[in-house]
Each structure stands twice: as structure tokens, then as C-alpha cells.
Amino acid sequence: GTSGPAGVVPSDGTMTWVTMPWSQSGPGWKVCWAAQPPSPPSPPSSPPSPPSSPSSNWIAFSPGCVNGNNLVIYENMTTAQCQELCVAYGAACVGFEFGVDHGGDAPTDYQPGDCQLSSSADTSACDGTFYNLDFYFRPGGPGDACSVSNPCASDAFCNFDGGNSGSCEACSDCTSPGSTCYTCGLPAAGASDCNSACVASGDIGRRASEAGGKGPKPLVLDSSLECSGNISLVVRSEGVGATLDGQGRSRLFSLSGGCSLTLQGLTLVNGYSKEDGGAIRGSGAGSLKLADTSIKDSESEGFGGGIAMTDSGDVELHKSTTSGCSARRDGGGISIRQGGALALTESSVAQCSVEGSGGGIALADSGDLSLIDSAVSNSTAAKRGGGIQFESSGSIATFLRSTLSDNQAASASALYYGGSTSTQGSVDDSRFVGNIAENAVTVTAASEMSWHPCALGEFMPVRGEFNGDVRGCNVCPERYFGNATDLEAAACSGICPLGHFCEEGSALPVPCPAGTSMPLLGASRREDCLTCPRGQHQPDGGQPRCTACPDGTYSADTGQSYCEECEPGGYCEVVDGSMVRQACPAGSYNPETRSTSIESCLLCPNGTSSSDTGATTDSTCVPCRAGSFASGEGNEACKRCPQGFYQSATGATSCLRCAAGKFCPEGASLELPATCDPGTYANMTDDDGIPDCFDCPVGSSCGGGGAPPVACSPGAFANTTGLSECFRCAGGSYQSEANAMGCLPCDKGSYCEPGASRPLPCEGGSYSDNTDLSAASQCTPAAPGHIAARGSTEQTACGAGSFARGTRNEVCELCAEGSYQGATGASECTDADPGHFATTGATQQTPCAKGSYAATAGLSKCERCEPGTTSGVGSSACSECAAGTYAANPGQGQCVPCPHPLSSERGAVICSFCQKDFYLLQSADPADIFSSPTDYCKPCPPNAECSDDTSLATLGVPAGYWRASPSSAVLTECR
């Protein structure tokens with residue numbers, strides 16, 4: 001073809017022809033482009049100053065929006081500023097969405113003043129969700145005036161006609177099949193603008209809609225779209241978006257020769273390649289950018305099921321997805337090798353698989369990897385890196401607000417990272433959850449990665465293997481604290497110091513409170529702080545030990561932060577290393593404070609006592625009353641005068657002996673005459689201390705006079721007052737206690753004689769279940785076949801194999817040898833029958849085994865049969881072996897037939913002669929004949945007669961025959 005109206009190739013590069021088969025049956029389109037077309041101007045780094053008023057020729061839709069096709073967003077703008085920004089962006093900007101407030105359901109990322117530049121003006125596809133937006137459409141359609149500062153809309157180009165201004169012309173005028181911008185009769189400047197606006201940024205989505213009538217149809221490809229020139233190609237689809245379908249037979253895009261490709265709003269499906277890159281392959285290509293684009297269900301026999309870029313430029317994915325892709329080598333979704341960087345923003349890779357490593361993404365010897373607000377999920381690698389495999393020693397990976405989840409691999413199910421050895425990779429606010437590895441490793445950091453944000457009290461190793469869910473930094477374990485950010489070791493900033501405790505996630509050690517201490521390193525809980533014991537205190541927090549209270553002070557309770565002054569009535573002393581307050585004992589007092597020993601307690605004087613402890617004055621020391629005394633100082637109580645003494649004065653230190661013939665009971669204050677009758681006793685009253693006679697109390701007896709009551713001894717009782725003697729317990733009852741008021745029934749299995757202090761057991765061989773027996777003879781004798789141990793309440797039958805002859809037996813006897821007893825309660829045992837035996841204590845007789853016998857009854861064992869005899873089970877005698885059999889050993893259970901051709905007599909112990917029809921060739925020891933019978937016994941010679949036990953010498957020679965000698969076995973017929 002030609003290039004330009006004069007057939008001149010532009011100076012900026014050569015033309016490249018590519019056949020693009022848009023349908024399977026129709027003719028292909030030929031599209032060309034010049035190398036390195038002019039790029040649209042970059043957005044301004046800062047918003048322009050707003051003009052005096054917005055341009056009025058912009059078309060506004062209020063409310064209104066477009067679906068996707070976003071270019072860039074600015075915040076806190078005016079509509080006039082947005083118009084300026086859209087013009088400055090270039091022809092790709094068709095209009096902008098402007099954030100207002102119409103009361104709609106506005107998401108949090110669209111606020112009033114937001115300015116979102118857009119590459120589409122299709123407001124019909126907006127679903128109404130963002131109706132807090134107004135949409136402004138940029139002028140410049142076909143026929144409108146245009147200039148450098150006011151370009152045309154996206155479906156038109158500005159024909160400058162060699163100058164700086166002109167009119168907009170429709171792209172369709174110059175891009176029909178078989179035509180290019182250079183064949184429209186345009187000067188070079190207009191053709192270049194046409195090339196940039198209409199070809200390099202062709203509106204494939206619009207053409208797909210036109211081809212499909214009411215809705216878009218997939219563009220079916222049977223070979224890939226190839227770009228091999230050093231140019232930048234933009235393929236954009238608007239509205240619902242176009243779909244390119246490789247039908248599982250063809251790759252969709254092939255890039256080389258420095259070609260850069262930008263895809264916007266497309267869906268690439270069912271791509272396939274026997275080499276690398278199921279959907280897109282770049283080899284020596286420029287950059288690759290995907291915006292609002294999806295790659296689905298594509299497959300590669302090499303690297304990169306969806307995308308494979310080798311020795312090429314950077315790859316960027318913005319709001320794009322790669323899913324359902326697979327590869328044989330590495331990178332089930334995306335593979336970058338010896339190339340540039342890979343950046344994912346608000347994008348995802350999901351449900352991809354690979355037979356090598358990197359189920360979702362694989363980078364090898366390439367640039368940096370960046371994931372921002374992106375995800376890699378549900379992908380699988382047979383080797384390692386179920387989500388991502390990164391092996392680029394000169395590059396780093398950065399993860400920001402991203403998630404790697406539910407991926408699987410043999411190892412490093414979420415991520416294998418082998419990056420730069422000099423610069424750390426970065427993980428910021430990202431998660432690795434739900435991933436499964438055969439070795440349980442979720443993340444392998446072969447190179448250093450920093451984890452953010454690691455706050456105070458957190459840590460994260462920069463390299464190593466991480467198992468399970470990894471949600472970011474780990475909290476410092478209990479017993480340790482982290483007072484710095486970005487700590488790497490589990491020990492964080494160090495072990496918890498003395499006097500402090502560190503719970504899990506502690507940023508700083510927490511001081512143990514006042515009244516406690518911690519003498520060890522590494523305490524983990526408040527409960528670990530040791531409470532100060534009594535007598536110690538700690539006024540400050542965070543201390544390693546408690547301090548003893550000073551002299552004269554104490555702490556009454558544990559956990560005290562202060563010590564109290566020792567009060568009157570006691571003293572403070574050191575006990576087990578702690579200062580403790582002790583109360584003055586009874587019989588003493590202390591009016592002073594801050595006392596330090598028991599010597600500070602003053603003793604009550606002679607003749608007084610005090611039962612109070614902790615007394616503070618001597619007023620508690622009370623004089624002894626009459627009939628009592630207190631000798632010495634410090635008495636807790638006064639003692640009563642003992643019997644035979646009295647004291648009529650108070651405050652006495654001793655008692656006086658009672659005069660002869662007078663009565664002075666215990667505690668007497670006077671000497672009294674002894675005049676009480678039997679059954680009464682003398683004692684003092686509580687009122688005046690003068691003794692009276694009182695009835696003897698129950699459980700006691702009183703002989704009269706001045707004697708005190710005497711407690712009834714065991715075996716006696718007094719059930720009423722006023723008795724001079726105690727009653728004996730009747731037969732059949734007893735009393736083991738003294739001072740009793742009654743007797744108890746005798747125990748079962750026992751008898752109680754009159755006056756018994758305890759039951760006596762029935763003698764062995766007798767028993768009783770009554771409770772009123774008074775003599776041993778009243779116990780019941782045990783019957784024959786039964787026994788009764790001493791103190792039994794019932795008799796017990798002898799068990800099988802034993803007996804008890806007669807009555808009053810205490811134990812059963814075992815059946816003797818040769819007898820048995822199968823029943824219980826027997827008085828005799830039965831002898832074993834002939835042919836049987838019985839051992840000691842047998843419950844039944846046992847028949848003799850084969851080869852043994854018992855000739856008489858009552859035997860304890862069977863005898864063995866002699867050699868040459870045998871017997872059956874239960875035999876009383878042995879039988880001789882029959883002729884032709886033998887029994888070589890004693891006790892054989894049966895006779896054994898002679899080996900062929902031997903025989904024997906009855907009762908034989910060995911077979912030693914030849915049987916009928918055989919003869920003994922020569923004489924020999926019977927044992928030799930038995931061991932080798934065929935060597936000695938030979939078949940009877942022809943015409944001879946051989947009966948049992950025939951030898952060569954005794955061969956039978958019938959009439960009519962003869963032999964030469966007795967040693968000859970040859971018989972000759974007579975003639």
C-alpha cells in the first residue's frame with residue numbers, strides 16, 4: 001500500500017502491516033501504524049487555577065455517570081478546574097464525573113469535589129449506584145472546531161490542515177476496511193492526529209457493538225494479533241466492553257520489537273499457546289498495561305497461562321482480573337522473566353494453576369513486584385508459591401492492603417520470596433490466610449521482607465518460613481516487651497525486667513503495684529507479682545523485693561504499702577524474717593507504743609489474774625476470790641483450792657490446809673463438818689461458798705460423808721440420782737464406758753456375762769445371731785459339713801473338695817489323696833474308683849489316661865503300662881499287644897503295627913522276625929532287624945513255603961522239591 005498522500009513514510013519510523021482476522025469467515029482487516037506515535041500529554045502535577053467561570057459548551061448530565069472507563073481522579077476540585085484537567089489530559093479524556101450530593105447511595109470513595117476523568121461518554125450504562133455524581137461531556141465531535149488546546153472527541157480527530165486549528169472529522173471516514181488515515185487525502189499533520197486518535201486508540205468495543213446488532217458479540221480469533229513495531233498501541237472498548245475469544249486454539253496478542261500495549265475495558269477468553277502466554281505474550285516488547293480488563297480461562301504449554309512477558313518492559317494491571325488460567329512451566333496466571341516490573345492495583349489473580357511454581361504469579365530475574373489493594377486467591381502450584389513465586393535477586397516485592405488467600409502448593413502455599421539481598425521487600429497491611437501447603441509453610445522469605453505496620457508490642461522476622469495464617473505482625477509473647485517498631489525477633493526488645501510484668505503484646509513493662517514485688521525476670525501477668533507478706537511493705541511500684549517494717553512498726557495484712565506503729569497492748573518482733581505484731585499474753589499488759597519485745601509486757605502481780613490478751617492497763621489484773629489463789633506473777637487465771645484445803649481471803653497467793661475432822665471440798669472457802677448421808681455428797685453452792693449435801697448424780701455412786709461422787713466403772717451403771725452403789729449389767733448386756741446410765745445389748749456372735757464391760761466372741765466351731773446370750777454354752781455348735789470361726793454369726797458350709805467330720809468344727813479339711821468330694825457341706829470324702837485317681841482337695845475323680853491304670857480304689861495317681869502292653873482311658877489293668885504289633889516304651893496309649901515285612905508275638909516290645917511269605921536271610925540282633933527290615937527279610941523263594949518267623953535255614957521245602965543245603969534259597973524240582 002501507500003503511506004500518506006505522496007507515498008512518503010514519515011520520518012519517525014517505518015510502517016508495519018498486521019493482518020487482524022476479526023471474524024472466522026470474512027476477509028481480514030489490515031491496520032497499520034507509525035512507529036512511536038505522539039503520546040497524549042501527561043496530567044498536570046497540580047490543579048490549574050480555576051477560570052472565572054466554567055466553559056458553557058460542555059454538555060452536563062445531572063445526575064449522571066458512566067460505567068468504568070476511569071482515567072484519573074482529583075480531589076477538592078471545581079467544575080471549571082475539572083474542564084481544564086480534562087483538556088490537559090488529551091484526546092483520551094471525553095468528559096468527567098463530578099462529585100456533588102444528590103442524596104444518593106454514595107460510596108465512601110466518591111465525595112463532593114471529586115473529579116474523575118473518563119474515557120467514555122456512555123451514560124446509559126451507569127447503573128445508578130453513584131447518583132451523587134454529575135457527568136460533563138467534552139465538546140469536539142465531527143464538524144466542530146478544534147485546536148491544540150481544544151481537541152476532538154474520542155471518535156473523531158482534528159484535521160489541522162497544516163496549521164494549529166481545524167475541524168473535527170469522524171474516525172469512521174478514514175478507518176473503513178482497506179483504508180488508513182494516510183489514504184484519506186490528509187496532510188501529514190492531520191494524518192498523524194488521525195493515527196493517534198483513531199488507529200492506535202481504536203474503539204473496538206463500538207465496532208463489536210455495531211457487528212452484533214442489539215448487543216456485542218465476541219470477536220473470535222484463530223490467530224493472535226501481532227505487534228512488532230516500536231510503537232504504543234491502545235485498544236479500548238467502552239460500554240459493556242468487547243470480548244476477544246481465542247476458542248482454546250489461539251493466543252490473543254503477541255508483542256515484540258518494543259511494542260507497548262494498553263488494553264482498556266476488554267475481556268480476553270479461551271486463549272491458548274503451545275509456547276508461552278496463553279492470552280498475551282511479550283518477547284522483547286515494551287510495556288503492557290491493563291485497565292478494567294479481564295483475562296479468563298487461558299492456557300499455555302510453557303510459561304504464563306494468561307500473560308507471559310520475557311525481556312520486556314513493565315506490566316501494569318489496574319482494576320483488572322486474571323482467572324481460570326493454567327501453565328505447564330511457571331506462572332499459572334502471569335509470568336515475568338528477564339523483564340521489567342509487575343504492578344497490580346485494585347486487581348486480582350484467581351483460580352489459576354501451574355505444574356511448576358507460582359500458581360498465580362511467577363517472576364524470575366525481573367523488576368519489582370507491587371500489589372496494591374489487590375488479591376491472589378484459589379490458585380495452585382505443584383511445587384512452591386501457590387499464590388506467588390518471586391525470584392529476582394536484584395528486585396523487591398511490595399504488598400499494600402492486599403490478600404493472598406486459599407492458595408495451595410507443596411511448599412510456600414501463599415508466597416515464595418527470593419528478592420534483593422541489599423534492600424528489604426515490604427508487606428504493609430496485607431494478609432496471607434486460608435492457604436494450604438503439604439509442609440504447612442504459608443510464606444517462605446528467602447530474602448528479607450519488612451512487615452508493616454509493626455506497632456509497639458509487635459514483631460515479625462524479616463526472613464524464614466511462616467506457617468498457618470499470616471495476618472501481619474505477631475504480638476510480642478508474654479514475658480517480653482516491644483518498645484520499638486519493626487522488631488524482628490520473638491524476644492522483641494527483651495525479657496520483662498525485675499519488678500515488672502509483661503502480658504502478650506506489651507509495648508512497655510508494667511510495674512508491679514505498690515505492696516507487691518517481682519524478684520524474677522520474665523513475669524507475664526499481674527497475678528505473678530508477689531504480695532508483700534505480713535511484716536513487710538513496699539511503698540513504690542516496679543520493685544524487685546519487699547522491705548521489712550522498721551523496729552516498733554508492723555504490717556498486719558499482706559500486700560501492704562506502708563507499716564503501722566505498734567499499738568499499746570502488744571509488741572512487734574521479727575518472725576521468719578518479717579516484722580509481726582504480737583499481743584501481750586493473758587496475765588500481762590503493756591501501756592506503751594512501738595514496743596519491740598515481749599519483755600515490754602508487764603506481768604500481773606501475785607494474787608491476781610487476767611484472762612484478756614492484748615491488755616493495755618493493770619486494771620485487767622483482778623484479785624483472786626475466796627476459795628482460790630494465784631502464786632507468782634503473770635497468771636492467766638486463779639486456781640481453785642484443792643480438796644483438803646481452803647482460803648477465806650481474796651487476792652491470796654496460796655490456800656490453807658483443812659483441820660483434822662473437817663471437810664474441805666475443792667474450792668472451799670471454809671472448813672466444814674462431814675455429815676452427808678449415803679447417796680449424797682458435799683459441795684459448795686455458787687451463792688455463798690458454804691457446802692451443802694446434794695443427791696449423787698446419775699452414772700455415779702456416793703458412799704456418804706464428805707466423799708465426792710464416784711463414777712460407775714465399766715460393766716456397771718446408775719440410771720437415777722441418789723445411789724450409794726452402781727448396778728451391774730445383766731447377763732446378755734454390757735457397758736464399756738465409765739459413768740454410764742445404762743447397758744447395751746450384747747453383739748451378735750458374742751455373749752455377755754453379768755457385769756460384762758465388753759462382749760466375748762463365741763468360741764470357734766460355734767455361732768449365734770442373738771443379742772442376749774450370757775454364756776459361751778448358749779452359742780450354737782456348727783453342724784457336720786459346716787464350720788464357724790470365732791465370733792461367727794452363722795455357720796458356713798464346707799466347699800467342694802473339703803469336709804468337716806462331726807460338730808463344732810472351726811475349719812474344713814481338704815479331701816485326702818485318693819478321695820474327692822463334689823458337693824458342698826459334706827462330712828466325708830469318696831474314694832476314687834479303680835481306673836481313676838484323685839489328688840488332695842479334688843472335687844471329682846479323674847480317669848487314668850491311655851497307657852496307664854489304677855488297679856484298686858482310693859489311688860492318688862495311675863501307674864504306667866509296662867512295655868509290650870497298653871490300656872484305654874479309665875483302665876484298671878493293661879492288656880498285651882496283639883501279635884504283629886508292639887509297644888517299645890512304658891505308658892504307651894496304643895500298640896504300634898510292626899513295620900513291613902516284620903511281625904511279632906503277643907506282648908512284644910519289638911518286631912524281630914519276618915512275617916508270612918518272607919524269610920530271614922541271616923541271623924542278626926533284633927534291633928538291627930527292626931531298624932532295617934527289608935535288608936534282612938526277603939520275599940519267600942519260588943516254590944518255597946514261608947510262615948511267620950521263617951529263616952533261611954527253616955525254609956519250607958514242599959514234596960517234590962529239594963535244595964542243595966540249608967543255606968541255599970534255590971529249590972529244584974525232583975526228577
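Mentor: Let us begin with Ser903, which touches Gly884, Cys898, Cys911, Ser912, Phe913, Cys914, Gln915 and Asp948 when residues up to four places away in sequence are not counted, a contact being heavy atoms within 4.5 Å. This is a predicted model, in which local features need pLDDT of at least 70 and side-chain atom pairs count only at pLDDT 80 or more, whereas totals for chains, interfaces and linings use all residues. Residues are numbered from 1 along each chain as its sequence is written, and side-chain values use heavy atoms, with hydrogens and water left out.

Trainee: Why is Ser903 called buried?

Mentor: Buried means under 20% relative accessible area, exposed means over 50%, and partly exposed is in between, with a 1.4 Å probe and protein chains only. Ser903 has 9% relative accessibility, and therefore counts as buried. Ser903 lies in strand β94 (residues 902-903), where helices (H or I, at least four residues) and strands (E, at least two) are DSSP runs numbered from the N terminus. In the loop between β93 (896-897) and β94 is Pro901, and the peptide bond that leads from His900 to Pro901 is cis, with omega near 5°.

Trainee: Why does Asp925 count as partly exposed?

Mentor: The relative accessibility of Asp925 is 43%, so this residue counts as partly exposed. Asp925 sits in the loop between β96 (918-920) and α4 (926-931), and its C-alpha is 8.4 Å from that of Ser912, a residue 13 positions away in sequence.

Trainee: What makes α1 largely enclosed by the rest of the structure?

Mentor: Helix α1 (residues 79-89) has 11 residues, of which 8 are buried, and therefore it is largely enclosed by the rest of the structure. The buried residues are Thr79, Ala80, Gln81, Cys82, Gln83, Leu85, Cys86 and Tyr89, and they pack against β4 (70-74), β5 (95-99), β6 (115-118) and β7 (133-137). After α1 comes Gly90, with a positive phi near 115°.

Trainee: Which residues other than glycine have a positive phi?

Mentor: Gln338 has a positive phi of about 45° although it is not a glycine, and Ala412, also a residue other than glycine, has a positive phi near 50°. Gln338 lies in the loop between β27 and β28 (342-345), and at 39% relative accessibility Gln338 counts as partly exposed. Ala412, by contrast, is in the loop between β38 (408-411) and β39 (415-418), and its 0% relative accessibility is why Ala412 counts as buried.

Trainee: How do you know that Asp276 forms a salt bridge with Arg337?

Mentor: A salt bridge is a side-chain nitrogen of Lys or Arg within 4 Å of a carboxyl oxygen of Asp or Glu, and the closest N and O atoms of Asp276 and Arg337 are 3.1 Å apart. The pair links distant parts of the chain, 61 residues apart, with Asp276 in the loop between β18 (272-273) and β19 (280-283) and Arg337 in strand β27 (residues 334-337). Both Asp276 and Arg337 are buried.

Trainee: What makes Glu478, Glu503, Glu504 and Glu527 a patch?

Mentor: Patches are made of residues with over 30% relative accessible area and no salt bridge, like charges being joined within 9 Å and nonpolar side chains (Val, Leu, Ile, Met, Phe, Trp, Tyr) within 5 Å. Lys and Arg count as positive and Asp and Glu as negative, while His and the chain ends are not counted; the place of a charge is taken as NZ of Lys, CZ of Arg, CG of Asp or CD of Glu. The four residues Glu478, Glu503, Glu504 and Glu527 gather in a patch of negative charge on the surface. Glu504 has 60% relative accessibility, and therefore counts as exposed.

Methods. Areas by Shrake-Rupley, 256 points an atom, 1.4 Å probe, with all protein chains shown as cover.
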